[in-house]
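Welcome! Please take a moment with the sequence and the 3D view below, and then read on for a short tour.

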Amino acid sequence: MSYRNLPNEHHYLHRIGWLRATVLGANDGIVSTASLIIGVAAASAGRSEIIIAGIAGLTAGAMSMAAGEFVSVSSQADTERADIETEKAALADFPIEEEQELADIYVARGLEPDLAKQVASQLSEKDALGAHVRDELGLTEAATAQPILAAISSAASFAAGAALPLIAAWLAPMDALNSIIATVSLLALALLGLASATAGGAGRIRAVARVVFWGAGAMIVTGLIGKLFGTVV
Ligand SMILES: [Zn+2]
């Protein structure tokens, strides 16, 4: 089947890197801050304690997201770099074996051995390292890990998500605080799930149901625990 005849076919994979970090960050920000605020409020705290808890949760969460994302993406980048260095050395020391290795990969993917050899030889002539990085290691430019960018974007999206229940906690009347925070947060989670499913080309209903289910679960559990400890402590 020729994809050249399908000019409007969209590909989503290149968007998954930043999309994943941004959506995860915002999701986490909404769920953890809303749950935190609901838990503190359920323990019958006043508004200023609730707001302080929310701000502390936002800050701690954003920093923790940045640190976690930086560490995980850095180690991924280190692995990628080391793999590329190994490949570079192998190409310098064993060019013939490396070209044969490339040809074997194309045979495994379905090319005739002669054609595979031709493809491997021509690609190696143009950019041997590029061909090995792509076809042997499976790395593309879009997938190349960027730790600082990942850290900043997940911290910023966590803070943006966390700001929502925090603003609701600040503005809502005290007697309906928890139900308003839960409603605002679940609505935002649903919209976020819908947006990310649309951008990522995935099933919308399932994506929305998933984030709403886990978000509601987190808020209910934290609320119950807050109520429990609020009467005991
Ligand atoms: Zn190789």
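Accessible areas here come from the Shrake-Rupley method with a 1.4 Å probe, and for residues only the protein chains shown count as cover. With that in hand, the chain exposes about 14100 Å², of which carbon and sulfur atoms supply 66%.

A word on the ground rules. This is a predicted model, in which local features need pLDDT of at least 70, side-chain atom pairs count only at pLDDT 80 or more, and totals for chains, interfaces and linings use all residues. Residues are numbered from 1 along each chain as its sequence is written, and side-chain values use heavy atoms, with hydrogens and water left out.

## The overall picture

Helices (H or I, at least four residues) and strands (E, at least two) are DSSP runs, numbered from the N terminus. The chain has seven helices and zero strands, so its pattern along the sequence reads α-α-α-α-α-α-α. The radius of gyration is 25 Å, well over the 17 Å that the globule rule gives for 233 residues, so the chain is more spread out than a compact globule. That radius is taken over C-alpha atoms, and the globule rule is 2.2 Å times the number of residues to the power 0.38. Along the principal axes, the C-alpha atoms fill a box of roughly 75 × 40 × 25 Å.

How much of the chain counts as buried? The share is 34% of the 233 residues, where buried means under 20% relative accessible area, exposed over 50%, and partly exposed in between (1.4 Å probe, protein chains only). Contact means heavy atoms within 4.5 Å. Among the contacts in the chain with a separation of 6 or more, 74% come from residues 24 or more positions apart.

Charges come next. Lys and Arg count as positive and Asp and Glu as negative, while His and the chain ends are not counted. The chain has 14 positive and 23 negative side chains, and the centres of the two sets lie 13 Å apart. For this, the place of a charge is NZ of Lys, CZ of Arg, CG of Asp or CD of Glu.

The table lists a few residues with their relative accessible areas.

| Residue | Relative accessible area | Class |
|---|---|---|
| Gly226 | 10% | buried |
| Ser124 | 17% | buried |
| His132 | 0% | buried |
| Arg210 | 49% | partly exposed |
| Ser44 | 62% | exposed |

Begin with helix 7 (residues 204-232), where Gly226 is found. Which residues does Gly226 contact, leaving aside its neighbours within four places in sequence? They are Gly39, Ala42 and Ala43. Ala43 is 183 residues away from Gly226 along the chain, yet their C-alpha atoms are separated by 4.9 Å. Arg210 also lies in helix 7. From Arg210 to Ala190 there are 20 residues in sequence and 8.9 Å in space, C-alpha to C-alpha.

Helix 4 (residues 113-135) holds Ser124, and His132 has its place in helix 4 as well. Not counting residues up to four places away in sequence, Ser124 touches Glu99 and Leu102. Under the corresponding exclusion of neighbours within four places, His132 is in contact with Glu87, Leu91, Glu98, Glu101, Leu102 and Leu137. His132 and Pro113 are 19 residues apart along the chain, with 18 Å between their C-alpha atoms.

Where does Ser44 lie? Look in the loop between helix 1 (16-42) and helix 2 (47-93). Phi of Ser44 is near 55°, a positive value in a residue other than glycine.

Finally, the rings. Rings of Phe, Tyr and Trp (its six-membered ring) pair if their centres lie within 6.5 Å; planes under 30 degrees apart count as stacked, over 60 as edge-to-face and the rest as tilted. The structure holds one aromatic pair. Phe213 and Trp214 form this edge-to-face pair, at 5.4 Å centre to centre with 85° between the planes. Both Phe213 and Trp214 are exposed.
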